Amino acid sequence: MTSGTTIKVALVDDQLLVRSGFRMLINSQPDMEVIAEAGNGREALATPSLQQADVILMDVRMPEMDGIQTTERLLDPAKKAADGPKVIVLTTFDMDEYALSAIQAGASGFLLKDAPPEELLESVRTVNRGDAVIAPSTTRRLLNHMAPILKRSVAQADNSLMTAVESLTPREREVFGLIAEGQSNPEIAERLFLSEATVKTHVGHILAKLGARDRVQAVVIAYQTGVASP
């Protein structure tokens, strides 16, 4: 994000008090502002300004249309643009399967509703940058908590994920493991004594081989296949 650029944020949550709190917090920051709000998925899809947002904070459980369906429709691959909105799922520990479904629908990260304000703000900035979207500790904590569910989900699927992981070269497997730990490209480069450009190339190859949309989905695959564990 360049200096002077404001991150446009949209809020989708059926609890007015939650939206009000997020709005006040976000609007208090010099580099971000709330441009749209909706109380449920149907309202969100009917709000044109929502598509102009850089980042959408999306509650998972809402009346009429939940956050999973809404995320799927907003991020429909046929309509998705490279500069389209990125979704952060708002969830709690007792809704693991909802959160997993939302990530699989296209969300870029998790945020626990009881996360500290500074973590919410940093999550918005991180996802907006488009890099290291797994970095917020909430995502890693929630994925750790969800590991048994993730392993069950892959046990019921075919062997395509394991085959994809096995197709990685030794170096790609090494980079994949570090992505799963939540490390950014500069951190991986320093750890493996590589240039950032080389790491970026490896990451691109890994995502392509895994059929992963982004780093978050790659980390989910790492947990599903046992490459990463709590």
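**Strand pairing and helix packing**

Lys8 has Glu33 of strand S2 as its bridge partner in this predicted model. The pairing to which strands S1 and S2 contribute is parallel and extends over six bridges, with S1 covering residues 7–12 and S2 residues 32–38.

Two packed helices are described by the angle between their axes and the distance between the axes. For helix H8 (residues 170–180) and helix H11 (residues 215–224), the axes come within 9 Å and cross at roughly 100°. Angles of 65 to 115 degrees count as roughly perpendicular, and H8 and H11 are therefore roughly perpendicular to each other. On the H8 side, the contact is made by Phe176, Ile179 and Ala180; on the H11 side, Arg215, Ala218, Val219, Ile221, Ala222 and Tyr223 take part. By residue class, the contact of H8 with H11 comprises eight nonpolar residues, one charged residue and no polar residues.

The surroundings of H11 were also considered. Ten of the ten residues of H11 are buried, so this helix is largely enclosed by the rest of the structure. The buried residues of H11 include Arg215, Ala218, Val219, Ile221, Ala222 and Tyr223, which also belong to the contact with H8. Val216, Gln217, Val220 and Gln224 of H11 are likewise buried. Just after H11, the backbone at Gly226 adopts a positive phi of about 85°.

Methods. Residues are numbered from 1 along each chain as its sequence is written. This is a predicted model: local features need pLDDT of at least 70, side-chain atom pairs count only at pLDDT 80 or more; totals for chains, interfaces and linings use all residues. Side-chain values use heavy atoms; hydrogens and water are left out. Axes are lines fitted to C-alpha atoms, for helices over the stretch in contact, and angles run from 0 to 180 degrees between N-to-C directions. Helices (H or I, at least four residues) and strands (E, at least two) are DSSP runs, numbered from the N terminus. Angles under 35 degrees count as roughly parallel, over 145 as roughly antiparallel, 65 to 115 as roughly perpendicular and the rest as oblique. Contact means heavy atoms within 4.5 Å. Ala, Val, Leu, Ile, Met, Phe, Trp, Tyr, Cys and Pro count as nonpolar, Asp, Glu, Lys and Arg as charged, and the others, Gly among them, as polar. Two strands pair if DSSP finds at least two bridges between them. Buried means under 20% relative accessible area, exposed over 50%, partly exposed in between (1.4 Å probe, protein chains only).
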